[in-house]
Amino acid sequence: MARAPLMLILLFILAFACVNCSIANTKKIVGLYELKKGDYSLRITNWGATITSLILPDSKGNLADVVLGYDGIGPYINDTTYFGALVGRVANRIARGRFVLNGKPYRLFINNGNNSLHGGHRGFSKVIWTVKEKMDGDYPYITLYYHSFDGEQGFPGDLDVYVTYKISGPYELSVHMNATAIDKATPANLAQHTYWNLGGHNSGTILSNTVQIFASHITPVDASLIPTGQIAPVAGTPYDFLQPTTVGSHIKEVSGGGYDINYVLDGSPSPNGMRKVAAVRDGRSGRAVELWANQPGVQFYTANFLDNVKGKGGHVYGKHDALCLETQGFPDAVNHPNFPSQIVNPGEVYKHDMLFKFSF
Ligand SMILES: *[C@@H]1O[C@H](CO)[C@@H](O)[C@H](O)[C@H]1NC(C)=O
Ligand SMILES: *[C@@H]1O[C@H](CO)[C@@H](O)[C@H](O)[C@H]1NC(C)=O
Ligand SMILES: *[C@@H]1O[C@H](CO)[C@@H](O)[C@H](O)[C@H]1NC(C)=O
């Protein structure tokens, strides 16, 4: 037990010494890796497969880091916000951390009231991933791998998980995730949990951002943020973002201090599996992003629980200082037969693709 903190300290020392270090010496060491194309760059750490920064120009050429996070890697270890993280094995909440699969009851680690959130106490955002490959060049990318073991946080079966972050075009970021069930059926639902503020991570709230979400329905939740099982229309409610709408215009009318809800995306995915999920524009800087993905839902979260978190450059983040657009399956799907299934059978592969197109 006493050895664990020492190990972590050692890892941090190595991590800080290692920006863009080569793959060979990084097998299970925490490092920070940069993907860069001209004035556009992002940094990723294999701690939680986390995006720690994404730097974008605006129309005047001013650069800003548009994701919330910390300086260095150390503070991510005890982080409770999931800044930039890749969450799993099952993102979002599972009611009472319980589900039954093929007649067998499973109990997960409870870490959010009476529920399991984002894979439990030590989900995929709180483990060291292996750097499989990193390439520079016209389309720089990094591939990270994690082997999740049978029984980890209560989930059934071994699961091989990959995520590739890639600069797939000018001012683009593609995220490809996959997970292969090895020996047992298991739910799998990964999500990328970056907190975006297109004005810059330290520019204040996103309440003046314009958001469009291509979804006519949401999955309403109870007081503990567990879906009731209904699929409710957004028409005539403060959840309606079908037309570009300022985040702050109706935020006071939603319970829970802001948006934290799964949208049921409209239409069917295009032949390549992708559909348009959302568009966000920051009027102050003129920066904008379009998000495409192959998932049935997107959790729209306006950082309602963010409170006095000391981040990059000593900046203190507060409520609504960012927004998250976490494409995923529907929350608690394992307990709702009317929601799209998240079960991956042995030999089957779960695939989740996202594409962010930035402009300014
Ligand atoms: C994380 O929290 C533990 C327990 O409170 C503490 O011992 C450790 O120093 C913290 N680590 C960092 C990097 O802050
Ligand atoms: C957890 O469940 C217990 C028993 O049903 C209940 O009394 C308690 O209020 C719940 N706690 C939360 C945080 O929802
Ligand atoms: C999962 O992704 C990795 C990295 O991109 C790739 O090498 C692998 O072939 C993929 N697995 C499947 C089953 O698609």
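Q: How does one read the surroundings of a residue, and which residues is T143 in contact with?
A: Contact means heavy atoms within 4.5 Å. Leaving aside neighbours within four places in sequence, T143 is in contact with T130, V131, K132 and E133, and also with Y162, V163 and T164. The model is predicted, so to speak of local features requires pLDDT of at least 70, and side-chain atom pairs count only at pLDDT 80 or more, while totals for chains, interfaces and linings use all residues. Residues are numbered from 1 along each chain as its sequence is written, chains are lettered from A and ligands numbered from 1 in the order in which they are written, and side-chain values use heavy atoms, with hydrogens and water left out.

Q: Where does T143 lie, and is T143 buried or exposed?
A: Helices (H or I, at least four residues) and strands (E, at least two) are DSSP runs, numbered from the N terminus. T143 belongs to strand β11, residues 141-148. With a relative accessible area of 10%, T143 is buried; buried stands for under 20%, exposed for over 50%, and partly exposed for values in between (1.4 Å probe, protein chains only).

Q: With which side chain does the side chain of T143 make a polar contact?
A: The partner is the side chain of T164, at 2.8 Å. A polar contact is a pair of N or O atoms within 3.5 Å; within protein, one must be able to donate a hydrogen and the other to accept it, and residues adjacent in sequence count only if both atoms are side-chain atoms.

Q: In what order do the nine strands of the open sheet stand?
A: Strands of a sheet pair through backbone hydrogen bonds, either parallel or antiparallel. Two strands pair if DSSP finds at least two bridges between them. Here the order is β10-β11-β12-β13-β28-β22-β21-β16-β19, with antiparallel pairing. β10 (130-135) and β19 (245-246) are the edges: each has a single partner strand, so one side of each has no neighbour in the sheet. T210 faces T246 of β19.

Q: What does L355 touch?
A: L355 is part of strand β28, residues 349-359, and is buried at a relative accessible area of 17%. Not counting residues up to four places away in sequence, L355 touches S168, E172, L173, S174, M274, E290, L291 and W292. L355 and Y165 are 190 residues apart in sequence, yet their C-alpha atoms are 9.9 Å apart in space.

Q: How is the sheet of four strands arranged?
A: This open sheet has the order β1-β2-β3-β4 and antiparallel pairing. Its edge strands, β1 (32-37) and β4 (63-65), each pair on one side only. On average, neighbouring strands of this sheet are turned by 15° against each other, direction ignored; the axes are lines fitted to C-alpha atoms, for helices over the stretch in contact, and angles run from 0 to 180 degrees between N-to-C directions.

Q: How many bridges join β1 and strand β2?
A: β1 and β2 (residues 40-45) pair in the antiparallel sense over six bridges. One example is K36, whose bridge partner in β2 is S41. The hairpin of these strands has two residues between them, and G38 there takes a positive phi near 60°. Strand β3 (residues 50-57) pairs with β4 over three bridges, also in the antiparallel sense, and L56 stands opposite A64 of β4.

Q: Which residues have a positive phi although they are not a glycine?
A: Among them are R96, with a phi of about 55°, and Y171, also with about 55°. R96 sits in the loop between β6 and β7 (98-101) and is exposed, with a relative accessible area of 52%. Y171 is found in the loop between β12 (159-166) and β13 (172-181), where Y171 counts as partly exposed at 21% relative accessibility.

Q: Which residues does a cis peptide bond join?
A: The bond joins G88 and R89, and omega is about 5°. R89 lies in the loop between β5 (86-87) and β6 (93-94).

Q: Which residues are around ligand 2?
A: A residue is near a molecule or strand if one of its heavy atoms lies within 4 Å of it. Around ligand 2 these are R96, G113 and N114. A polar side-chain atom of R96 lies 3.3 Å from an oxygen atom of ligand 2, and for N114 the corresponding distance from an oxygen atom of the ligand is 2.3 Å. Ligand 2 has 360 Å² of accessible area on its own, of which the protein covers 28%; accessible areas come from the Shrake-Rupley method with a 1.4 Å probe, and for residues only the protein chains shown count as cover.
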